[in-house]
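Please consider the structure shown below, together with its sequence.

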Amino acid sequence: MLSWVIVALWAAVIFFMSAHTGSDFDGTGPLAAIKRWLVGLAAPVFGPDTDIVNVAAHFTEYLVFGGLLVLAARRTWPALGWGKLALVAIALASLYAVTDEFHQSFVPGRVCDPADWLTDTLGAALGASAAVLAFEKMLAKRQVG
C-alpha cells in the first residue's frame with residue numbers, strides 16, 4: 001500500500017509542476033533558482049535558445065515515475081514476470097502522461113504537446129527498465145550469497 005501512496009505523491013508532484021508556466025519559474029523563489037541552474041548547465045551544450053530544461057524536466061519526472069510504478073506493481077502483482085511489470089509501469093505512466101498533457105491545455109501559457117507525451121513515455125520506459133534491472137541484480141545477489 002505504501003508504494004502506491006508514494007506513486008500517488010509523485011503523480012501529485014507532476015500535476016503541481018504541470019499547473020505552472022515557464023514564467024512561474026523565472027522569479028526569485030527556489031523553483032526559479034533550480035531553473036536558472038539547469039539553464040546554466042544546458043545552455044553551453046544546446047545553445048541559449050533551446051528549452052532543454054522543459055524536456056529534461058518531463059523526462060526526469062517520468063523516469064522516477066516509471067521506477068516507482070515498477071516497485072508498486074511488483075508489490076501488487078508479484079506473480080508477474082519482470083517484463084510484464086515493466087510494461088504495466090510504462091503503460092500506466094504513459095496513460096498518466098496523456099492526462100497530464102490534457103491538464104496542461106487548461107493552464108494559461110501551457111499547451112497539450114504530443115512531443116512532451118513521448119518524452120514522458122520514454123522517460124518512464126527508461127525508469128521502469130532501470131528499476132527492473134536493479135531488482136533483478138539485487139535478487140540475483142541474494143540467491144548467490
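F16 counts as partly exposed because its relative accessibility is 41%; by definition, buried means under 20% relative accessible area, exposed over 50%, and partly exposed in between, with a 1.4 Å probe and protein chains only. This residue is placed in helix α1. Helices (H or I, at least four residues) and strands (E, at least two) are DSSP runs, numbered from the N terminus. This is a predicted model, in which local features need pLDDT of at least 70 and side-chain atom pairs count only at pLDDT 80 or more, while totals for chains, interfaces and linings use all residues. Residues are numbered from 1 along each chain as its sequence is written, and side-chain values use heavy atoms, with hydrogens and water left out.

F16 also belongs to a nonpolar patch on the surface, together with L31, I34, W37, L38 and L41. Patches are made of residues with over 30% relative accessible area and no salt bridge; like charges are joined within 9 Å, and nonpolar side chains (Val, Leu, Ile, Met, Phe, Trp, Tyr) within 5 Å. A salt bridge is a side-chain nitrogen of Lys or Arg within 4 Å of a carboxyl oxygen of Asp or Glu. Helix α2 (residues 30-46) supplies the largest share of the patch, 5 residues.

What lies in the interior? In soluble globular proteins, nonpolar side chains tend to be buried together. The largest nonpolar core here has 21 residues, and V7, Y62, F65, L69, V70, A93 and A128 are those with the most contacts inside it. Helices α1 (2-18), α3 (52-76), α4 (82-104) and α5 (114-144) each supply at least two residues of this core. Such a core is a set of buried Ala, Val, Leu, Ile, Met, Phe, Trp, Tyr and Cys residues joined through side-chain atoms within 4.5 Å. Not counting residues up to four places away in sequence, V7 touches F65, L68, L69 and A72; contact means heavy atoms within 4.5 Å.

Helix α5 holds V132, which counts as buried because its relative accessibility is 9%. Beyond four places in sequence, V132 touches V70, W82 and A86. The C-alpha atoms of V132 and R74 are separated by 9.6 Å, although these residues are 58 residues apart along the chain. T121 is likewise placed in helix α5 and is buried, with a relative accessible area of 13%. Leaving aside neighbours within four places in sequence, T121 is in contact with I90 and S94.

H58, in helix α3, is buried because its relative accessibility is 3%. Its side chain makes a polar contact with the side chain of D116 (3.4 Å). A polar contact is a pair of N or O atoms within 3.5 Å; within protein, one must be able to donate a hydrogen and the other to accept it, and residues adjacent in sequence count only if both atoms are side-chain atoms.

Finally, the chain as a whole has 5 helices and 0 strands. Buried residues make up 32% of its 145 residues.

How values were computed: Areas by Shrake-Rupley, 256 points an atom, 1.4 Å probe, with all protein chains shown as cover.
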